[in-house]
Number of protein chains: 2
Amino acid sequence: MNSLQALWAAGSIAVIGATERPGAMGRLPIDYLQKYGYQGFIAPVNPKGGEVLGLRVFPSMASIERPVDLALVMVPAAAVLEAVTDCAQAGTSVCIVMSSGFAETGAAGASVQAELVRVARAHGMRLVGPNCIGAVGGPARVLATFSPVFSSTTTPIPAGNIALVSQSGALGFGALSLGIERGVPIGIAVTTGNEADVTAVDVAVQLVSDPTVDAVLIYIESLGEINSLAHAAALKPIAVVKAGRSEAGAKAAASHTGALASADKVVDAALRQAGIARVADIDALLDAGALFATGARMPGRRIGIVTTSGGSGILAADAIAACGMQIAELDDATIVELSAVVPSYGNATNPVDVTAAVMAEPGLFERCVDRLAADPGVDAIVACFAVLVGDDVTRIARALGAVRTRTGLPVVAVRTGAASLAPEGAALLAANGVPVYPTPERAVAALQALSATSMRRDREVIAGPLAPAPGAGASEKQVKVILADAGLPVPSSELIGSVAAAVDAVSRFGGVAVFKAVVPGLVHKSDAGGVVLGVTAETAAEVFTRLSALGGQVLAERFVRGGVEAIVGITASALGPVLTVGVGGVLTEIVADAAVRLLPVDEIDVREMIAETALAPMLAGARGAAPADIDALVRAVGRVADCTREWPTGFERDINPITVLADGCWILDAMYFGASTGDQLQQAGRH
Amino acid sequence: MNSLQALWAAGSIAVIGATERPGAMGRLPIDYLQKYGYQGFIAPVNPKGGEVLGLRVFPSMASIERPVDLALVMVPAAAVLEAVTDCAQAGTSVCIVMSSGFAETGAAGASVQAELVRVARAHGMRLVGPNCIGAVGGPARVLATFSPVFSSTTTPIPAGNIALVSQSGALGFGALSLGIERGVPIGIAVTTGNEADVTAVDVAVQLVSDPTVDAVLIYIESLGEINSLAHAAALKPIAVVKAGRSEAGAKAAASHTGALASADKVVDAALRQAGIARVADIDALLDAGALFATGARMPGRRIGIVTTSGGSGILAADAIAACGMQIAELDDATIVELSAVVPSYGNATNPVDVTAAVMAEPGLFERCVDRLAADPGVDAIVACFAVLVGDDVTRIARALGAVRTRTGLPVVAVRTGAASLAPEGAALLAANGVPVYPTPERAVAALQALSATSMRRDREVIAGPLAPAPGAGASEKQVKVILADAGLPVPSSELIGSVAAAVDAVSRFGGVAVFKAVVPGLVHKSDAGGVVLGVTAETAAEVFTRLSALGGQVLAERFVRGGVEAIVGITASALGPVLTVGVGGVLTEIVADAAVRLLPVDEIDVREMIAETALAPMLAGARGAAPADIDALVRAVGRVADCTREWPTGFERDINPITVLADGCWILDAMYFGASTGDQLQQAGRH
């Protein structure tokens, strides 16, 4: 057994801190293991000895004299290090520390927590927690928890093909309990708490390789790595609730792109690129799980709607439009056939409204669902029947199940009404692979999650020649030379050292040029008056003298007129280098709608990024202007990301603006600076 | 009895199309009325006579020979006009036409529907429907519906202090059924269908004057009037699901402001200004109803959180930040006192995390809730206890109820876990005035709805002197003269007719001026090269000649340099004149985040509008620029809205840009045109 598998497949479990005292936490796991029929070996451990619930108590892990797959540490914080050491030395595979009082309390606790990890790693033991509520489930019926959920006589043993991993213990078991109530087949649940050693991502990676698990639901508060989770998501659908959105915006930014690429936006992009569904809340997480459990995939976004209630159909359409899914456009043939069966006071286009006529005309709903499913433009079906009861529901449930089975399309039902109106309805639908939701919005959100996990694609990442990294503190001119040598479009320029050279340069650039002050630490050159466009032979001397007075060098550059200005940035993040593309120039902060992606990206990514921002309408040619050369921008962005890919992390690349003309684009400004330099720049007077 | 009251208080009900045949729609209302114990007089009507469910059948309404409060028309569409006429002539108060086959089927159906209304109005009868599913509830136990919800033995009689009105019949009864299942005390439900005569708004207005109703929930697909609903909302809380968001954006626009003020955005603004909560879906509508039912009000946005699960606390904080509510900042004294009781591994600031320690330490949760409620910075409390069971829940339920009663603060509970873990929990909480939600997001959304209905304010609308309306086809110059005469800041300008006058004008304006082509139908002057800034004595002749060639007059104007450009527009909408404020000039379409409000507005509204848009950071002085004179802009916007308030509707006012300087602001362009003119302009090449 892989060691983490012990969390749901342990053949032997020790409970350190076991006690006979009713109500004590150290008694609960033993109580639960017995109550739910765990078939393995249970070893209560307590130096006081005696018996717990009829089982002999071992004074220590060493005294058990057989390997233990899983040890639960349930002693006060002060005694945890000794207990963990005892487990590690006894060769335990996995140790769950449920006790609180570690990194979450401050530096002293963090220090002890680090020592726990050191001891565990020294002996090859994995450590889950501390400050968690354990794990439950699996065919072995592992009840390695003190959660009160299992003190209730109404809670069944978790069973099903979905797994749940939660960094939060209480919320994780709460979600499990809610999932059980709603019929979401969660068979395994693991909580990871402080994640001193084992993270929720580690557990998810192990879970997707388990044959009893078909999909994984995750609640996390921090996402420190994405690559292994992305590999897991390539195997089985994963949905995530990532908490802490609101704090993300508070992080101070060291450059334009850093400021735009807020941490939460990076998380969004990382999950999306990995084909992982990010969902809004625990309701949506469980809703996605119910759909994942059916085994359906949805490599498309086009949704067909059949409804008995016009209102539900409109709400479904609103929800589809709001979340970026598509209302399927039906074939003419489909509409003709639907028109023949749908009442005149209904609607034979999508959303298809069969009206309350279904109550009088059995079979109407089924015929419409069948016809919709046969349309090649439909990737999934939402079936809304608000208040049908009894046989009407049974018949529809069978019909939806038949379509699901025959076509393989995802089919979800919306039943806005009490379950008691057709008590067997939900179960029958679930048995037929059709999850049921109370509102159209929730059904559509579940399909969106499924689609997000089904539309992952492999990227054809260009890997062209590398450009050499500039030295720390490289000037605009130096960075531009490197980019130009890498094949990027940079207007010719030269540093000028005298009035005569200034006049000379203007002439060489065709009679008009741009002059820029090149002053270390001056980031917003334009705002400081350090950029002068349209310098002519007449004004060259005056402008040169003025810019020289700013304290640095002066760069003369060929003048590129007009165009749509974009920003392209590459910054570091906890999840890897982040590419930012957005509206550039002086609009950058006003528009502030840059798109971000983790690197590497391919051309499709870059086109999607442009489409997400206000660049799209600007490039398309607002107000009758000629369209700009979007292909040139896409190539340039891809090449920047590609040729700088091995530049040191921690140094930001900030190209702003790159101006896009009707034919081609030009990098007008480029900066390269380390994060610490950026901080200094900020202190030196940046906004 | 006011006639619409008959929908929930009828003393006599006739069912036209009554039949004994089991399963037939015409039998169901009689069945339901008897089953649920209606105490009034039931009159089955059918020319065939006989008996239905033991009641004598009348051949016609006239034959009943006593006044009927409420008649249900359940005959085929072709027979409806005759039935309605029969009702009207017999002096019926309200007639509900449930039959389908009218306006929803096309022009012929619409024509018959109009005839129904004509007949009803001629006799002073109100007509509900057609194409609806009737009404239920009230102390009289009116079951005027064929909804299958009441065919189930599990559906209790609707009871409670909340009323539900739904334009959609099936969705309305579905929501009612779901609400009953969830314990939302809906005592009255009315569906309005095609709304030929009576609208959902009419019903809501009647409902708020009913003493048994404390709040109203509404599902609507069209909102044609807002004023009477606003008056109703001033009396009792109202929450609305408005469907059809996604179609709104498709409406073609005739001017910048028309394009930005999409119909759905206007609905949003109208509801918000009226103090009506617009909620996302039926879940949120019922969630709001559960909170409204407690009688709580929330004239603030600051939410205190107490949680047993750190994860739930973070999710609550995220939800609060995402929806514009505020995470309460606690007093130092509160934090000191909380620190004394919250475990070190918890959190004594907001969100207050008491951790699973509550299981071992009864009273901890209560103490924290008490302390939080005593903080003057807290407007409402969210209490999250994910997976507590049994006595723990009972104790907390009592404590929350006590705080609710003692302080009057809204208190909501989040219980992410199966109801079966503490079956009495939800009922006990509800009895104590504390609604329970499964996720923090839904609890926060309910508080947001309550806050929206509690923060309505009366506007101190300025009503200064009116400006005369320009004639149709008025030129920029003419509109500007009117605005200047109304006290608005307009740069001096003059029409020039010759090269000599052009040179002269530049000199009078201080050596530099703006020249503009004044060409009827030319809306985007700048794009067409019709605006030239910085005209000097040297260039005046050339510019004048060039602009003259565009085919109209040339206007010379004092040159106002720099500033932040805003757009101010007033357009017509189905709900009344709409004010738009946003980023102006060439950025208008790129930024596209204008704020809208129905007129009239006051200064607070205008400041809020500015704060909602990218104007706010621009006016504050981006990148170290001096702050612009926001007060001047606020005054100008208010004055524009005020002095044009009696200008003909259907004519748009479009001021773009008004430029805001460090001291004062100036209207640089102003247009006035009728909608039809706008259409022509659009056809003439505007995008």
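How many salt bridges are there between chain A and chain B? The count is 2, a salt bridge being a side-chain nitrogen of Lys or Arg within 4 Å of a carboxyl oxygen of Asp or Glu. In one of them, R442(A) pairs with D283(B), and the closest N and O atoms lie 3.2 Å apart.

The model is predicted: local features need pLDDT of at least 70 and side-chain atom pairs count only at pLDDT 80 or more, whereas totals for chains, interfaces and linings use all residues. Residues are numbered from 1 along each chain as its sequence is written, chains are lettered from A in the order in which they are written, and side-chain values use heavy atoms, with hydrogens and water left out.

The contact (heavy atoms within 4.5 Å) takes 74 residues from chain A and 73 residues from chain B. Of the interface residues of chain A, 99% are also interface residues in chain B, so the copies meet through the same surface. Between them the chains bury about 5500 Å², 67% of it on carbon and sulfur atoms; buried area is the accessible area (1.4 Å probe) lost by two parts on being put together, summed over both.
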